[in-house]
Every structure is written in structure tokens, then in C-alpha cells.
Amino acid sequence: MAVADTESEPMEIPNDWEGLVNAAQLQAPSENALVFKDECVFCFRTPFFDGGLCICLKYFVGVCNFHLADYTKANPDTRFFLRIEKFKLPKDEPEPQDKVQKLCVKVEEDKTDEKYSILAIDGNPSELPLNERLIGGLLYDVAQKTICHHSASIQERLQQGASEWDGGVLKIADNIENLVQLDTDKQIPYSGWECEHPGCGLKENLWLNLSDGSIKCGRSQYTADGTTTKGNYHAQTHANETGFPLVVKLGTIHNGEGDVYSYTEQDTVRDPFLKEHLAHFGLDLNKFEKTEKSTFEMEMDLNQKWEWSRCCEDGVTLDNAYGPGFTGLINIGSSCYMNSVIQCLALNPTLLEAFRNKFSTELKASQIIEKHKDFSFQFARLLNAMEGGEYAKKDFEFNGIKPTQFRKVAGEGHAEFSTAKQQDAEEYIRHIFNKIEELTLIPNPTDHYRFKVVKRFEDVASHKVRYQDNDEYILSLSIPKDQLRDVPVPQELESIVQLPRNSTRKCIDLCQLIENYSAQQFIDGFISPITNEEKGAVQQYRIASFPDTLIIQINRFEPDQNYQPKKLDLDVIVPDTLDLTPYRFEGQKPDEELLPDSIKVPVIDTTAPAVDSQVNENYVREVMNLGFTRNACERAVFETKNSGPDSAAEWLFAHAEDPNINDPHPELIKARLRHSTAPAPSHVSEEKAQALSGMIGATLFQSKYALEKTNGDMNAAAEWYFMNMDDIPPEPENSEINVAAETPQNQEAAEPAAETSNPPPPPQEPFRAPKDGPGHYQLRAFITHIGVSPQSGHYICHIRHANTWYIYNDEKVAFSQNPPKNLGYIYFYERTQ
């Protein structure tokens with residue numbers, strides 16, 4: 001809706017104003033244009049800040065007063081800006097109430113006022129009110145259409161059909177290519193509709209059935225002003241009765257799209273053939289006018305007015321903290337997991353420095369539009385604003401940042417993080433690390449957390465060992481129930497949480513969990529590949545490098561009797577300092593003898609899938625979704641003879657307390673060993689091996705090995721070879737196969753190999769050695785989860801600055817009185833200097 005002209009006193013119009021307007025070649029924003037008018041593209045200032053927001057009327061980029069000079073310097077062809085200033089009006093004094101109503105959900109909307117003006121930048125800036133008489137018709141028209149246009153964030157969601165609740169993109173309706181459309185002589189008008197159900201007569205919220213052309217009213221729906229739209233569900237009733245589920249909302253058809261709903265899918269969908277489907281009834285898609293809001297638009301209006309609830313430390317009045325490092329992040333809808341993670345990662349000085357170099361305000365308008373969807377720029381923009389303290393000032397009305405665009409670009413393309421649903425904070429840390437790794441920054445900020453773990457495997461029968469190392473970013477620790485102990489609950493806590501006197505809680509020490517992680521694990525049933533004796537094996541983990549910051553995750557969740565994740569109600573006693581020196585890997589001992597590389601010894605791992613056909617891998621993965629370890633799930637599927645995931649789950653719950661439930665099953669160990677160390681049978685002919693060798697450029701040994709793996713199928717063997725080169729064992733010295741390859745009669749078969757040699761391997765990334773240093777750490781931050789599942793509930797974090805702890809609860813940042821260290825889910829330990 002256009003705004004009224006600004007009343008102004010008689011004033012002199014600049015002499016060159018009309019010439020500047022003509023030279024600027026301004027045009028109103030097109031229907032699909034992105035108009036950035038919610039906040040500055042370089043920071044998070046909004047029209048409510050001093051000076052408001054200046055919208056470039058050539059490229060429709062919004063900048064604040066602070067960044068206006070940088071923008072005009074980089075874009076000298078931009079002369080005119082629409083300045084939008086918004087103000088909150090004082091609230092009316094509430095009437096006294098005799099009774100406090102606890103269950104009130106009414107949202108009181110802030111009253112605001114707006115002011116518009118036109119700013120001309122050319123030598124000496126001049127500013128005029130938004131008045132057609134003063135600024136002329138062309139400039140006035142462009143400004144008015146800019147005001148009425150959707151903001152860029154809303155425009156993108158509307159174009160994609162992105163729901164405010166699930167954040168995804170609308171799917172195309174099922175079987176849309178085969179939509180049934182009945183022949184009819186019915187004349188459907190372009191306006192003036194009425195519900196055709198007998199006795200209804202509604203003239204709003206009407207839906208056209210795309211199969212038979214009937215027009216019926218929809219369901220009632222809440223709107224942002226607290227009312228509901230009228231609707232008697234007649235469109236849904238008709239769809240159920242006829243079996244014609246696809247409808248489009250009349251009044252929303254515009255710009256080639258419309259609000260389409262499928263009653264069989266119970267969801268809003270896309271109809272890519274809407275033009276053809278309307279033409280079936282003699283309707284021209286381009287002749288409709290938009291008169292009603294779509295479901296998405298009403299949803300966005302409603303959700304933007306929702307005030308998200310926040311929690312704090314019970315029974316304590318918290319004093320707010322202000323200044324650099326204390327900027328809160330506003331919850332934009334189940335985003336507390338992201339807010340907590342970003343606050344903790346922002347403690348990394350390498351991360352701040354790396355992304356500080358990615359931030360620039362001297363950008364062309366075309367570059368700004370590209371940066372709008374660029375992860376590195378949006379992350380840099382967010383970190384820069386958090387670091388500065390501009391949005392954490394005492395007695396300031398607009399503290400806190402809305403990281404809306406960052407969440408969108410960080411989660412784009414990801415099945416979970418592209419939605420607006422609650423997610424697991426630990427998984428989000430790994431996701432952000434993956435995004436940073438893709439940028440190939442030097443130095444790489446993720447190296448701050450990267451450490452090397454070495455796994456030592458000893459064959460008990462021969463005492464020969466094998467070492468395997470792996471890079472990790474998070475040290476994940478499990479909680480053994482058999483090691484929990486009871487501790488008394490402090491009396492002051494009993495009164496707060498209303499517990500009986502002399503109550504106890506289960507607890508375990510973090511140091512005990514680390515000790516368990518690095519302890520020797522005996523693998524029963526292992527058969528030595530050296531002596532063929534079944535004496536078992538020993539496996540042990542050690543940390544080979546200590547990172548600058550060590551991230552520790554406590555696995556607090558297990559499945560309940562209904563197969564749903566349930567949090568373990570216990571305390572983990574967390575020390576302020578850690579000494580991990582005893583767990584450092586010291587290298588191979590002088591008297592140790594390594595297992596020969598030619599022998600492929602399986603290293604039993606809880607993350608490694610079973611290779612034996614006695615265990616159905618699909619069943620194992622499905623049961624693992626309940627939160628059990630892989631070893632436990634393999635054991636359950638094996639014991640229930642592959643009868644299905646339900647049977648395996650029942651078996652698991654019946655045996656959950658078995659002391660060996662998380663140990664590898666001895667029979668599966670033997671099966672793995674047989675699979676990995678048994679010599680290949682020699683039923684493949686030399687002729688076939690030679691032919692394959694000439695075809696793929698492999699040695700005769702490699703060719704024969706590939707043929708054995710694929711039962712002699714030449715094509716399958718060639719494909720297997722290129723997919724599994726690294727799995728082929730070293731060629732034995734002086735083997736008959738090797739000698740045969742050098743004999744004259746095989747020379748002809750060997751020659752083509754040179755002509756069809758393998759292409760050079762792709763270039764590898766430069767090797768990055770993990771950082772290393774002393775293993776002494778001090779607790780710097782931790783993330784706490786409130787709720788029963790990591791994908792629901794609420795996340796907050798606590799961060800220590802100097803010797804003081806602070807609570808970061810979305811936009812609320814305050815001094816912490818009782819940091820709940822024992823309830824943490826993820827801990828950040830910094831190396832002490």
C-alpha cells in the first residue's frame with residue numbers, strides 16, 4: 001500500500017534536481033526483484049537505528065548511514081536513496097488487573113511510526129520529504145513501489161515456497177503430470193466468486209478445484225492480528241467426496257504462481273502446469289489479480305510477531321552483560337542450537353581473523369547481491385557484528401542480532417539444517433566445520449580443534465601390532481551405566497527443584513569417561529592371522545596431538561521403551577582443568593613388531609559395518625537410529641537371525657544390561673577375519689586375467705584379484721578394480737603370477753597395458769599436520785541442552801571471560817551465578833598458556 005505524501009513546509013527545490021533524476025535512469029523494482037530494506041547489507045542496523053536505512057533506488061540495496069559512504073564510493077552511478085526511518089511509539093498505560101492470567105497467549109504488538117524521505121548524493125548531499133510535488137513523478141513512483149515491494153528475505157521465501165516452520169522448498173504435487181480434469185461448460189469468472197456449497201455463501205478464502213472446477217471455501221486460519229479467516233472446510237469435504245485433491249486459492253494467482261494445496265498430501269505444493277490446468281477451464285493465468293494473501297504470507301506475518309520464550313538460571317536474578325563479546329543472537333525460530341554453537345566458535349581467534357579478511361564494504365552492487373548468498377561473507381558479517389559490541393549496549397532498545405541470512409546460506413542444500421526445525425548442536429558443529437573446510441582457508445580455522453587419534457591393535461597370540469591414525473574434531477564419550485554412582489543432592493537445590501530430603505542423583509566423573517575411552521579393550525574370539533590361534537586381540541586409543549581447543553561431547557541420550565531418544569538424568573562431574581598428558585601416544589615401542597602390511601587384519605570398530613552375510617546391514621542401520629552402538633545392533637540382528645529390525649530392537653531392550661552388549665560378537669569377528677584374510681581361490685584362468693590386464697592396465701595379480709571378487713565377470717571386475725584399488729593387497733614377491741607376467745609369451749598381452757595406463761591421480765590437498773602442544777586445558781565454554789531429545793528442547797551456552805562466567809541464552813547475555821557445568825552436552829577446553 002502506498003504511503004501518504006510527507007507534509008512539508010514550503011522549501012526550495014535544488015536547481016539541478018530534475019537533471020539528476022533524468023540522468024539516473026531510474027526504474028521501479030520488477031516483480032521478482034530483491035529489495036534489501038529490512039537491514040543494512042553490511043551490518044545488522046535496521047530502520048529503527050539512528051539515521052534509518054537508505055535504499056538505493058537504482059539497485060535497491062539497503063545501507064545504513066555508517067556504510068553509506070563506502071557504498072556510494074564503490075557505486076558512483078548511484079545518486080538517489082529512499083531513507084526509511086521507523087520509531088516505536090510509547091505504549092499505553094495498562095489498566096490494573098485484579099488477577100494475573102498465566103495462560104494468556106495474546107501478543108501485544110508494538111505501535112510504530114515511519115518516516116520517508118529522498119536523499120540525493122551528488123557533491124553536496126540534499127534531502128527532501130517524500131512528496132510528489134517536490135521530487136517529481138518519476139522519482140516518487142519508484143520510491144512508492146519500493147516501499148510497497150516485499151523485502152528481499154520475504155521475496156526469496158515466496159519465490160521458493162519456503163515455509164517459515166520447516167524452511168524447505170515446496171515439493172511438486174504427486175502425479176501432477178496425470179492430473180484428471182473433467183470436461184465442463186462452466187464459465188468461471190476472474191473475480192466475484194462465492195462458495196458453491198448450498199447455504200454457505202462465503203466470498204473469501206475460496207479455492208478452485210483443478211479437476212472439476214468447483215469453487216468451495218477453505219478452512220479457517222489464524223492471522224497476525226489475532227483474528228481468523230472465515231472458512232467452513234467445504235473445499236476439503238468436496239475433495240474427500242470426489243477424490244479430486246488439488247486446489248488453488250482464488251485471489252492468490254499472480255505472476256505465474258498461486259497458492260496450491262493437495263488434500264491427499266495434506267500440504268502446500270507446487271503445480272508447474274498451473275497455466276495449462278487453468279486454461280482447461282478457459283482461464284488465462286495472466287488475467288488474474290492478486291487480492292488475498294497466500295498461506296505462506298499469512299504464516300510469515302504470524303511468525304514474525306511471535307515472541308519466543310527464554311529460560312534463565314532458576315531462582316536467580318541475572319544482570320545483563322554489555323559490550324564487545326556479549327552480543328546476543330535472537331532466536332529466529334528453533335535456532336537456539338545454532339546460536340549456542342556460533343557463540344562458542346567465535347572464541348577462536350584464528351576463525352575471527354580468517355573471516356575478518358573475508359569481509360569488505362567496498363563492493364559493487366552486483367557483488368553485494370552475490371554476497372547475499374555467500375557463506376563466507378555472511379559468516380564474516382555475523383562475526384564482525386558480534387565482535388564489535390554495537391548490538392550489546394546498555395539502555396539500548398535494539399540489542400541482539402537476527403542471523404536470518406546466515407542460517408539460510410549455512411544450511412542451504414542440507415536435508416536438516418535447511419529447515420527451521422530444532423537440530424543437534426554437535427551435528428551442527430561438524431556441519432559448520434565442513435563448510436569452512438570447503439573454503440580452503442590458510443591458516444584453516446578448523447585446525448584449532450583438529451587432533452589425531454591413534455588406534456593400537458595387538459594380536460595376543462603373536463604379540464604383533466598394527467597402528468592406525470585418524471583425524472578428529474570432537475572427542476565423543478559414552479556413559480557406562482554400570483559405573484554410575486549416587487551422590488547426595490545439596491539441600492539448597494532440593495528446595496529449588498522440590499525434591500524429597502536426602503535425595504540422590506546419579507553421576508560420573510568426566511575424567512573416568514576419558515579413562516574409559518583410552519583403556520584397553522579385549523576382543524574375544526579373534527583368531528591370529530600369524531599363528532591361527534584363537535587368543536583374542538587388544539585394542540586401545542591414544543591421542544597423538546593435542547589441539548588448541550578440545551571439544552568434548554557427552555553422549556547423554558539412549559532410546560526408551562518406545563524407541564524414542566531419552567536423555568540420561570545424571571550429572572557429569574566436570575573439572576575446571578584437565579591434564580591429558582597421560583593419554584598421549586608415545587609412538588611404537590622399541591620391542592614391538594608390526595604385523596606385515598601384506599596381512600589385512602580387521603580392526604574391530606564400533607563404526608565399521610559388518611561384512612558377513614549373517615548380519616543384514618539395513619536392519620543394523622535402522623536399529624542404530626534408536627541410539628544403540630553398532631556392536632550392540634549387530635549382536636541383536638545376529639541373535640535374532642535377521643528376522644527384522646523390530647525383533648532386533650526387542651532383543652536389545654531385553655538385553656540392554658548385559659555386560660558384553662557393546663562388545664563385538666565373537667562369531668562376527670571370526671566372519672570378518674575369514675573375509676579379510678582368507679586367500680583367494682584360484683578358479684580364474686590365466687587367459688582371462690591376462691585379457692583383463694590388457695584392458696584396464698593392471699598387473700596380472702591385480703586383475704586376477706578383481707576377477708575373484710566378481711566371480712569371473714570381466715565387466716564387473718573392471719568396474720570393481722577402479723572403485724577398490726586401495727583394497728587390493730600388495731603383490732607377493734616371486735609369485736607365480738608375477739613371474740608369468742614377465743615371460744615372453746605374455747609380452748604381447750602386457751604391451752597394451754602401457755598404452756592404456758591409468759590416468760594420473762587427481763591433485764591432493766596440501767598436507768596439514770594437526771596442531772600440537774601441552775595437554776593441559778581449562779574449561780572455557782559449554783553448551784547445555786534442556787529437553788528429552790537433541791532434536792527438540794532448548795540450547796543455551798555458558799562462556800568464561802577472564803574468571804567470570806556468562807550465560808548466553810539467545811539474545812539474553814548476562815552474568816552467570818550458577819553455571820550448570822555438570823549438565824553440559826558439549827564442552828570447550830582451551831589449552832592453558
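These legends walk through several close-up views of a predicted model.

**Figure 1. The whole protein chain, to get your bearings.**
The predicted model has 25 helices and 28 strands in its protein chain. Of the 833 residues, 47% count as buried. Among contacts between residues at least 6 apart in sequence, 69% join residues at least 24 apart.

**Figure 2. Cys336 and His794, the annotated pair.**
The "active site" label on Cys336 and His794 comes from an unreviewed UniProt entry. These residues span 459 residues in sequence, yet no two of their C-alpha atoms are more than 6.4 Å apart, so they gather at one spot. Cys336 belongs to helix H9, which covers residues 336-345, while His794 sits in strand S25, residues 794-801. Is each of them buried or exposed? Cys336 has a relative accessibility of 1% and counts as buried; His794 is buried too, with a relative accessible area of 14%. Setting aside residues up to four places away in sequence, Cys336 touches Asn331, Gln422, Gly793, His794, Tyr795 and Asp810. That list places His794 itself among the contacts of Cys336.

**Figure 3. Strand S25 and its two partners.**
Here we stay with the strand that holds His794. S25 is mostly covered, with 8 of its 8 residues buried. His794, Ile796, His798 and Arg800 point one way from the strand, and Tyr795, Cys797, Ile799 and His801 point the other way. Which strands pair with S25? Strand S24 (residues 776-786) pairs with S25 in the antiparallel sense over 6 bridges, and Thr784 has Ile796 of S25 as its bridge partner. Strand S26 (residues 804-809) also pairs with S25 in the antiparallel sense, over 5 bridges. In that pairing, Ile799 stands opposite Tyr806 of S26. The hairpin of S25 and S26 has 2 residues between the strands, and Ala802 takes a positive phi near 55° there.

**Figure 4. Helix H12 and the largest nonpolar core.**
The largest nonpolar core has 98 residues, and Phe80, Phe355, Phe379 and Phe406 touch the most other members. Helix H12 (residues 375-388) supplies the largest share of this core, 8 residues. Apart from this core lies another one, of 28 residues, among them Leu513, Ile554, Leu570 and Tyr777. As general background, nonpolar side chains tend to be buried together in soluble globular proteins. H12 itself has 14 residues and reaches 20 Å from its first C-alpha to its last, close to the 20 Å expected at 1.5 Å a residue. Because 11 of the 14 residues of H12 are buried, the helix is largely enclosed by the rest of the structure. The buried residues include Phe375, Phe377 and Phe379, and also Gln378 and Arg381. What covers the buried residues of H12? The cover includes H9, helix H10 (349-356), helix H11 (365-371), helix H13 (404-411) and helix H14 (425-437). H9 is also the helix in which Cys336 is found.

**Figure 5. His448, a histidine in a loop.**
His448 is found in the loop between H14 and S11. With a relative accessible area of 8%, His448 is buried. Leaving aside neighbours within four places in sequence, which residues are in contact with His448? They are Asn348, Pro349, Thr350, Pro547, Asp548 and Thr549.

Notes
Residues are numbered from 1 along each chain as its sequence is written. This is a predicted model: local features need pLDDT of at least 70, side-chain atom pairs count only at pLDDT 80 or more; totals for chains, interfaces and linings use all residues. Side-chain values use heavy atoms; hydrogens and water are left out. UniProt positions are given in the numbering used here, feature names are shortened, and annotations may be inferred rather than shown by experiment. Helices (H or I, at least four residues) and strands (E, at least two) are DSSP runs, numbered from the N terminus. Buried means under 20% relative accessible area, exposed over 50%, partly exposed in between (1.4 Å probe, protein chains only). Contact means heavy atoms within 4.5 Å. A nonpolar core is a set of buried Ala, Val, Leu, Ile, Met, Phe, Trp, Tyr and Cys residues joined through side-chain atoms within 4.5 Å. Two strands pair if DSSP finds at least two bridges between them. The expected span of a helix is 1.5 Å times one less than its number of residues.
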